[in-house]
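Dear colleague,

I am handing over the structure below, and after it I set out what was found. Please keep it open while you read.

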Amino acid sequence: MKLKAPDDSAVTTVSPINWFSGICLAAFLTICYPSTGVAKSGAGELNATEEWVVTQTRAGEIADLSKQFPDKEKDKRKLSAHFLEELLMGALPGIKLHRHGVRIIGATIDEPVDLENAQIPCELWLEHCQFNASADFNSANFAGTVSFENSAFKADAGFNSMKVGRAVFNDAVFEGPVDFISADIANFEANGAKFQNKEKDATFNSMKVRGYAFFKNAVFEGPADFGSVDIAGNLEAQGAKFQNKEKIANFSSMKVGGDAYFNDGVFEGPVSFILADIASNFSGHGARFQNKEKGANFSSIKIRGYAFFLGGAVFEGAANFASANIASTFAAPGAKFQNKEKEANFGGMKVGGYAFFNDAVFEGPVNFALAEIATALSANEAKFQNKETEANFSSMKIGGYTFFNDAVFEGPVNFVLSEIAGNFHANEAKFHNKEREANFNAIKIRGDAFFKNAVFEGPVNLVSADIASNLEAQGVKFQNKEKEASFGGMKVGGYAVFNEAVFEGPVNFVGADVAGNFAAGKARFKNKEKDASFGGMKLGGHAFFNDAVFEGTVNFNYADFAWLDLSNAVWPKAAAKFHMQGMSYKYLRAAPNEPESHRALLKLADRSAYSADVYNHLEEFFLRQGYRDDADRAFIKGKRRERKENLHGLSWVGSCLLDWLVGYGRRPWQAGIPCAALVALGCVLFSPKKMEPQKPEDTPRVYSRFWYSLGLFLPFVDLQADKVWKPKADQTFLRNYMRVHIMLGWILVPLVLAALTGLIK
């Protein structure tokens, strides 16, 4: 039987049952035999979004989901984590990644992304993407650049030990903890990034960056750990904000091969740069370190270039630069160290160039002890405002000049054992603490020291200071009335100038040694109770006290002056408040011209506390000058002061006789006056009417009352008249007076002879 082909109507007419069977068969075949033209994932078929991403990636184009699916269709921007993992690793069947890599913008990934240990063979962009679950890139190896610019990580983000060429996280947001520990990156960019987790670290510990690392305007709301980071190029964190107030922003042991910039950075919590190593420069221009409890710690930091804290950097807590090593300049002009309790510590800091603290404000204690600054330290107009704790510069070493012009010290200050290789400038500086001293004990200054118009309201101590050149303190004011301005044992290799200086309290220059001139013209020593002491002072040049005013005791005991000018000086009115015992000098002047000066010096000696050597030195000085009469006057005044101060009884009488009779041997002619008077008196008393010859045979001889009186008076000389004549028997008084006349001759004539021969001195 032959089969008959169906007619047209049979062919076109199909029952509903047949249509249903056909559809089912087609569906079955589709499931069993997928098309080789559309890639599928191992978990199932790609959605439309993923297919579009694959298409763009194949073509080397950017898959910008935000443009492809506007905000009304933003739900379509989602990519599965598995798809993303397969795509990035090149594991999707039938997909060969373009040389431009994978560039996706605006994707949302809800599931955890696991690319740990993944090998990413191409450049990767995942920009403006949102990772709603954890993102694990730990130990991933990226062949090219990876960019997460403007992406948001809602949960943990792990990049631990990641290796990549250029990593870009600009404006990225990390809401969970982020981990870059031991990551190895050619260049790192996180400008404007926000690390928002307040409890857990954003940790970059031991991260290695072979180029630059940028964190400009980044915000860290939680702790940030950059400990042991190794950056070969620059670290730039200008405007970065570290907002966690409790936990540390840690940069300790960080290494930077280029510059480190933290300009305008804000650190609300503690920060540590301990042992950080910066190969070039460190800039903290305008930075603010706001933690008041733990502060900013730069201890032992090494900076091979300069360190700048310009633009009024602010330290609200402790600032610790102890043992910091700055190869070039350290500049913090206008910086504000605002913590009143905790220290701004620069102890042991080494600076290879200049250190600038001009206009800086230190509200709390400050410590520069043992700091070493190679070129110069400048702190002009700096303000040290803590009244209780000292500003400590002890044992500091400066290789050049030091400037504190117009600086203000509200509390004590300590420069003990500091060494300044150049000049020290503190002109118009103000030392306001009234109780505790400004201490410059044993400071060494190899150049000049300037304190012009400085004000010391409390005690000042320059004991044993060693100034190789000049000390200039014109117009300086020492205002403490109770405590001493002490310069005892100070050495000055040049001149020392205190012209117009004002000393309200006691002053001590005992043992000071000035090789050049000492000038205190118009200086005022106003304390009436305590000494202005220059005892034991040594001067190699001239000493000027012209027009100086001394209201209290003045002590020049054992001072050694080459040339001393006391012209027009005003001395205390009370007697014996001027001491010159043992004072030596080669030249001394108390008035512009010599005669007036000599008279003034004799008056000054009379007003001084008695010491024989005061008059002896004056006598020697007048003799050297060729003024014998003034020398004699000095000697006589000295003997008279001795009689007044020390002699009593017969010694006092004997001194009076020597004074009256021969001027202590310097005026032997004085004895001639009583001698002549006695001879004349004898001429009156021994009149011829009262005299008679001793022998009758001498009656014819002529009697001369003068020769008789003179013959009686002169010892050792026999004029024979006294052997020829005698008072009459009834002249009892005359007979007795004759014996007195002879005795006075024996007293006075030997005195005259002794004075003439120099036996009486």
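With which side chain does the side chain of serine 283 make a polar contact? The partner is the side chain of asparagine 263, at 2.4 Å, where a polar contact is a pair of N or O atoms within 3.5 Å, of which, within protein, one must be able to donate a hydrogen and the other to accept it, while residues adjacent in sequence count only if both atoms are side-chain atoms.

Before going further, please note that this is a predicted model, in which local features need pLDDT of at least 70 and side-chain atom pairs count only at pLDDT 80 or more, whereas totals for chains, interfaces and linings use all residues. Residues are numbered from 1 along each chain as its sequence is written, and side-chain values use heavy atoms, with hydrogens and water left out.

Serine 283 lies in strand β34, residues 282–283 (strands are DSSP runs of E, at least two residues, and helices are runs of H or I, at least four, numbered from the N terminus). Serine 283 is buried, with a relative accessible area of 9% (buried means under 20%, exposed over 50% and partly exposed in between, with a 1.4 Å probe and protein chains only). Leaving aside residues up to four places away in sequence, serine 283 touches Ala260, Tyr261, Phe262, Asn263 and Phe308, contact meaning heavy atoms within 4.5 Å.

Next come two packed helices. Helix α6 (residues 594–607) and helix α7 (residues 612–624) pack at an angle of about 170°, their axes being 10 Å apart (axes are lines fitted to C-alpha atoms over the stretch in contact, and angles run from 0 to 180 degrees between N-to-C directions). The two helices, α6 and α7, are therefore roughly antiparallel, a term for angles over 145 degrees. On the α6 side the contact is made by His598, Leu601, Leu602, Ala605 and Asp606, and on the α7 side by Val614, Tyr615, Leu618, Phe621 and Phe622.

Aspartate 630 lies in helix α8, residues 628–645, and is buried, with a relative accessible area of 11%. A polar contact of 2.6 Å joins its side chain to that of histidine 598.

Finally, in helix α5 (residues 81–88), 7 of the 8 residues are buried, so this helix is largely enclosed by the rest of the structure. Just after α5, glycine 90 takes a positive phi of about 70°.

With best wishes

Key. Angles under 35 degrees count as roughly parallel, over 145 as roughly antiparallel, 65 to 115 as roughly perpendicular and the rest as oblique.
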